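Visitor: Hey, could you walk me through this one? I'd like to start with a loop and then get to the bigger picture.

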Amino acid sequence: MPSLKDVKMKIVGVGKTKQITKAMNMVASAKLRSAQSRIERFRPYAAKYRQVLAELSRKMEGNAHPLLAEHEEKKNCAIVMITSDRGLCGSFNGNITSQAFRLAKEKTYAGMSVSFACVGRKGWDAARKAGYTMMTSYADRMGNSIDFALASSVAAEAIHGYETLAFDEVWLVYGEFVSMGHLPPRTICLLPLKAPKVEDSPQTSGEVRCEYIYEPKEEKLFVELLPRYVRVQVYCGMLDTSASEHAARMAAMDNATRNCNELINSLTLLYNKTRQASITSELIDIVGGAEALSG
Amino acid sequence: MSTLQLDVITPDKTVVSLEAEMVVCPGVEGEFGVLPQHVSLLSALKIGAMRYRTGGKDEYLFISGGFVDVNNNVMTVLAESAERAADIDTARAQTARERAEKRLAAGDVDAIRAEAALSRSVSRLHIAR
């Protein structure tokens with residue numbers, strides 16, 4: 001039986017942990033809000049980009065750009081993995097890394113050598129521990145300091161590798177932000193690039209499409225715009241990962257706070273029981289002593 | 001007077017969204033103007049100044065590359081960065097300019113980047129004035 005004082009100390013300790021988890025929950029929810037608003041602000045850009053590129057690619061012939069063309073011989077595969085820098089967010093990073101490793105295994109079976117580029121410390125640590133070939137890491141850049149320039153440098157590396165035939169495939173693994181409770185890891189093929197398609201809903205196809213004037217020529221414009229689309233995708237992945245990181249942390253901290261409450265309840269029960277037991281035993285002593293005196 | 005909808009969008013935010021009477025853009029093949037009811041157009045832009053007239057007043061914007069799409073009397077400018085003349089940080093542009101000039105003078109390996117930085121800072125300063 002633990003002493004009364006021990007139980008009391010334990011209750012105080014758990015109470016302090018609860019304060020911390022509660023505070024982390026609130027911090028995460030504030031950060032989530034700002035991350036979500038960044039996604040919102042980026043969405044019009046991405047949507048317009050997709051639309052313009054789809055319009056343009058309708059005019060182009062199949063493999064008009066080296067980034068669209070599949071390499072015939074597939075030997076090297078690069079995986080860009082976007083995770084968070086910090087832990088304490090439940091299974092969030094684990095889900096992303098395990099998805100990435102599964103993909104890596106598939107590619108290894110297919111006879112390709114896999115190398116990793118990581119954004120975020122957690123993914124970097126996991127991939128290094130698993131013994132994969134590492135290329136570059138952009139650790140400690142998640143959170144508020146992600147910007148388009150970072151996405152550009154990640155994309156530039158991928159594009160350079162693809163064009164110089166150092167990679168034959170580039171994949172992007174990140175945490176998608178679907179809703180607060182639904183944060184699935186997502187894998188997309190970054191290169192060879194698949195040009196976005198126009199969704200031919202009856203509404204748009206019924207419209208008379210007027211011919212565009214292109215300046216400079218379509219081909220040139222396409223060559224200019226296509227590599228930038230990779231950046232848009234990478235940036236999108238970063239923003240999503242950062243938002244879902246905060247959402248995951250919120251959920252994890254909420255759970256932790258709830259567990260603390262449960263623990264405090266059961267400890268309080270134990271505390272009361274222990275106190276009652278000590279009172280009872282004292283009473284028995286007193287009664288026993290009185291009996292002995294009167295007897 | 002007829003107008004066209006002008007949206008200037010960067011990855012971080014929508015910089016401008018208003019009804020403009022006329023827009024002049026720095027296209028890669030020369031500056032061009034867009035009036036309401038313009039034919040559909042897709043053009044790449046270079047670093048430079050964009051001018052638009054709204055409510056009879058001329059406003060200036062700094063655009064660092066990107067492209068413009070005109071369709072259905074809606075003009076959308078997608079740029080990696082865009083700033084209104086009043087929002088330009090002149091001190092920062094000034095130091096960026098000096099740094100870029102120094103790099104070019106020193107014959108830095110990354111001459112292309114330095115040159116781009118120089119043209120960005122110069123046109124920022126030019127617009128801010």
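Predicted model: local features only at pLDDT ≥ 70, side-chain atom pairs only at ≥ 80, totals over all residues.

Visitor: What's the phi of B:Asn73 like?

Guide: Phi there is positive, about 65 degrees, although B:Asn73 is not a glycine.

Visitor: And is B:Asn73 buried or exposed?

Guide: B:Asn73 counts as exposed, because it has 12 C-beta neighbours inside 10 Å and the cut-off for exposed is 12 or fewer.

Visitor: Okay. Which residue in chain A has a positive phi without being a glycine?

Guide: A:Leu165 is one, with phi near 65 degrees. You'll find A:Leu165 in the loop between helix 4 (148–163) and strand 4 (169–175) of chain A.

Visitor: Buried or exposed, that A:Leu165?

Guide: Exposed: A:Leu165 has 12 other C-beta atoms within 10 Å.

Visitor: New topic. Where's the cis peptide bond?

Guide: Look at A:Leu191 and A:Pro192, which are joined by a cis peptide bond with omega at about -5 degrees. A:Pro192 belongs to the loop between strand 5 (185–191) and helix 5 (202–206) of chain A.

Visitor: Zooming out, how many helices and strands does chain A have?

Guide: Chain A has six helices and six strands. Going along the sequence, they come in the pattern α-β-α-β-α-β-α-β-β-α-β-α.

Visitor: Why is chain A called more spread out than a compact globule?

Guide: Because its radius of gyration is 29 Å, well over the 19 Å that the globule rule gives for 295 residues. As for the box that the C-alpha atoms of chain A fill, it is roughly 115 × 45 × 30 Å along the principal axes.

Visitor: What share of chain A counts as buried, then?

Guide: That would be 34% of the 295 residues of chain A.

Visitor: And how about contacts in chain A between residues at least 6 apart in sequence: what percentage join residues at least 24 apart?

Guide: For those contacts in chain A, the figure is 79%.

Note on methods: Residues numbered from 1 in each chain as written. Chains lettered and ligands numbered in written order. Helix = DSSP H or I, 4+ residues; strand = E, 2+ residues; numbered from the N terminus. Rg over C-alpha atoms; globule rule 2.2 N^0.38 Å. Buried ≥ 20, exposed ≤ 12 C-beta atoms within 10 Å, placed from the backbone. Contact = placed C-beta atoms within 7 Å.
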